[in-house]
Structures are given as structure tokens and as C-alpha cells.
Amino acid sequence: MTNDQIVRLIKPYIDFQEVEKDFQKIFASGMLTKGEYVQGFREELMDYTKAKYCFLTTSATTALTIALKTVNVQPGDEVIVSDFSFPATANVVEDLGAKPVFADVDKETFNMRPNELRKKISNKTKAVIFVDALGNPSGLLEIKEICEQYEIPLIEDGACAIGSEISGKKIGNVADLTCFSFHPRKMITTGEGGAILTNQSKYADFLDVKLNHGATFSNERLDFVTYGYNYRLPELQAAMGIVQLKKLDEIVEHRINMKNRYIEKLTPLGFTPQKIDDNVVHNVQSIVFIVPKEIDRDDLIEYLRKNNIETTIGTYCLSNTTYYREKYNDIQPVAKFLEENTITLPCYDGVPVEEVCEVIRAFFYED
């Protein structure tokens, strides 16, 4: 790679021309929030996922927070969380005064293992947060079955998983509550933003009030029947989401093809791709490999950086982050292994996959 050819880790699938007319319309209307684009984006998400209800939020973090409140998580409760994830998954539990209980993950799919979930369930368990690691929902149905058996609400941290499917169902239409992220590193982006989807009317009724400052509308006036929040997504951001959602399946198909090209080039070198179950369509939010045993992952990341290729770790072992390690001392070994031995490679339109793989190959022959 030459100095002026930096290969970024990710680039959004949107440009200003796609939303310019919509932005002009929004500004002309003066309706910058709670307008037609927010409602349109909600409807498009429900149509795409086939979920019955959808609520937009400022981020997946606020979505997860309100999802925990929806199932009445209280201080002193326990919430079992997948241990291989971004810290927000556990932080929202900790912030409510509940305890995140870390469940180790499968070394191949990177997702919560059913036997680990069973071991962690106690009489204090109030909810389970299953993370679609890097967009991969493999194993979700087994986790759902256990939650149903124990009558524990299943919250899906689907921050990375919009566009993925399991057994013919789009993510957003499987768990009791599913939370999406529209951060710039995600499949579609609104800059920042998120969503909660559910099929259960009791949860939808709660969210409808809680996400409107605790207000209901009766006798032609607002009545604040409880306390609530303003986690609203603005009109401009919703307009961005609508444009990208229309091409999401095309983006997924393109990224699956890109992943297959990476696999073809890198598995002969000893790289191991994330396993995707046969009943799953993976959106390939991130292309992540376990590096070969004989190399140092961090050295490879640094080598690629020096060659103008942006990469990063897979994600984090939550139980081994400083805060949670010092407070709970419950490090999960597989999640720790994955944090130390996985690498995320560039994935977006225009990535020169073959050239990236050639640089990786050259790393093996460095003195």
C-alpha cells in the first residue's frame, strides 16, 4: 500500500446526495423531531424485520438501558450477559445497580454457550442478554429455549446484527426485546442511534409511555402518569436510516462475498473464521478471524497499521476489563482467549481484499 492509500476498517454506506432532498424538506418543515421520517423509519424497520413494534432511541446503549427497565431489572438483581462484547452490554446492567453475571462463549461462534447459561442461572436472575457477536446470531434459538424454560426474559444485544437471520427470521423478530445500533461502524448508520423491537404488546405499552417522558395523551392533553425519558432519534438521522435500510440486503450480500474472499486467502495461512451455523444468514458486520498460533496478534495489527491498513481486535472480554475484573474477579477463559487472539479486517465497498491478504502473507516472512 502507498502512503495515500489508507484502507480504513469501515466506511458508511451513505453520502450526502442520497439525503440532501430529505434534509431540505425537514428543515423547510421546521419539524426536526417526532415527524414523518421518524415514523417512516419505525415502519420500515417493522416491515423489514416483521417485528410488531419498534421504538427508536439515541443509541443501542440507551436501548439496552430501557430494555432492562422494561423487564423490571432492579438493584440487586442479576442479569446474565455474553462475555465477548463491547462493554456497553455490561455497563447498562451495572448502571442500574444490578449485577452482570458473565457467561462464557463458544470458541467457534463467539456466542453465549447454552451450558454456561444454565450454570449461571440463579433465583436472582432477572434477565439474559444474548449478544449476536459481530452480527452472528448462531445459537440464539437454544438460548431462547432455555430462557422460556426458566421464564426469564431474553434481551438480544443485536447492536451488530441488523440484516442477519436465523431459521428464516430476521433478527429483531426472535427475542423478547432486541436492541439495534446505528453507530457509524454498523451496517447502516444514522451517526448515532438505536432501536428496540418487540412482538409483545405489554412491552410496547411500557415503552410507548417511558420513551415519551412518562406521558399519555387523554382528554386532549398530556398526562404524566410515570417518570420517563427523552431518548428520541431526530428526523435528520431517521432520514439517513430510511435510505440505507432500502439497500441493506444488497450490502449484506456484498459483505458475505467479501468474507468468502478473505476466507479463501487466509485459511491456508492458518486463520480461523468465525463459525456461522447452517440456519443462519450472517450480515458480516465485521470480518473477524482467530489468528494462527505461531503469530502475535498485536504485532500483526501494528504491521498492518504501518502498511496503511486499519484493523483492530475482535472485541472485548468483559470480565477481564479492569473495572469488572477488579470488582467481580470472574474472568471467562474462552472470551479472554478470543480477545487476545482475534483480529477484525476492513470490510466495506472498495476494500482491496487481495492486496490486504498479500500484506498479511508478507508479515509471515518478516525477519
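Which helix is the place of Thr49? Thr49 sits in helix H2 (residues 36-49). Before we zoom in, note that this is a predicted model, where local features need pLDDT of at least 70 and side-chain atom pairs count only at pLDDT 80 or more, while totals for chains, interfaces and linings use all residues. Residues are numbered from 1 along each chain as its sequence is written, and side-chain values use heavy atoms, leaving out hydrogens and water.

**View 1. Thr49 in helix H2.** Helices (H or I, at least four residues) and strands (E, at least two) are DSSP runs, numbered from the N terminus. Thr49 has a relative accessible area of 0%, so it counts as buried (buried is under 20% relative accessible area, exposed over 50%, partly exposed in between, with a 1.4 Å probe and protein chains only). The side chain of Thr49 reaches the backbone oxygen of Leu45 at 2.8 Å and the backbone nitrogen of Ala51 at 3.2 Å. Skip the neighbours within four places in sequence, and Thr49 is in contact (heavy atoms within 4.5 Å) with several residues, including Lys170, Phe180 and Leu197.

**View 2. Strand E6 and its partners E5 and E9.** Strands of a sheet pair through backbone hydrogen bonds, either parallel or antiparallel. Here, two strands pair if DSSP finds at least two bridges between them. E6 (residues 154-157) pairs in the parallel sense with E5 (residues 125-131) over 4 bridges, and Val128 stands opposite Leu154. To get from E5 to E6, the chain goes through helix H6 (residues 140-150) in a right-handed β-α-β crossover (with the strands pointing away from the viewer, the path from the first strand over the helix to the second runs clockwise). E6 also pairs in the parallel sense with E9 (residues 177-181), over 3 bridges; there, Ile155 stands opposite Leu177. As for side chains, Leu154 and Glu156 point one way from E6, Ile155 and Asp157 point the other way, and all are buried.

**View 3. An open sheet of 3 strands.** The order is E8-E7-E14, with antiparallel pairing. E8 (169-170) and E14 (280-281) are the edge strands, each pairing on one side only. E7 (residues 165-166) and E8 share 2 bridges, and Ile166 stands opposite Lys169.

**View 4. Arg118 in helix H5.** Helix H5 covers residues 114-120. Arg118 counts as partly exposed because its relative accessibility is 39%. Beyond its neighbours within four places in sequence, Arg118 is in contact with Ile146, Gln149 and Tyr150.

Terms used
A polar contact is a pair of N or O atoms within 3.5 Å; within protein, one must be able to donate a hydrogen and the other to accept it, and residues adjacent in sequence count only if both atoms are side-chain atoms.
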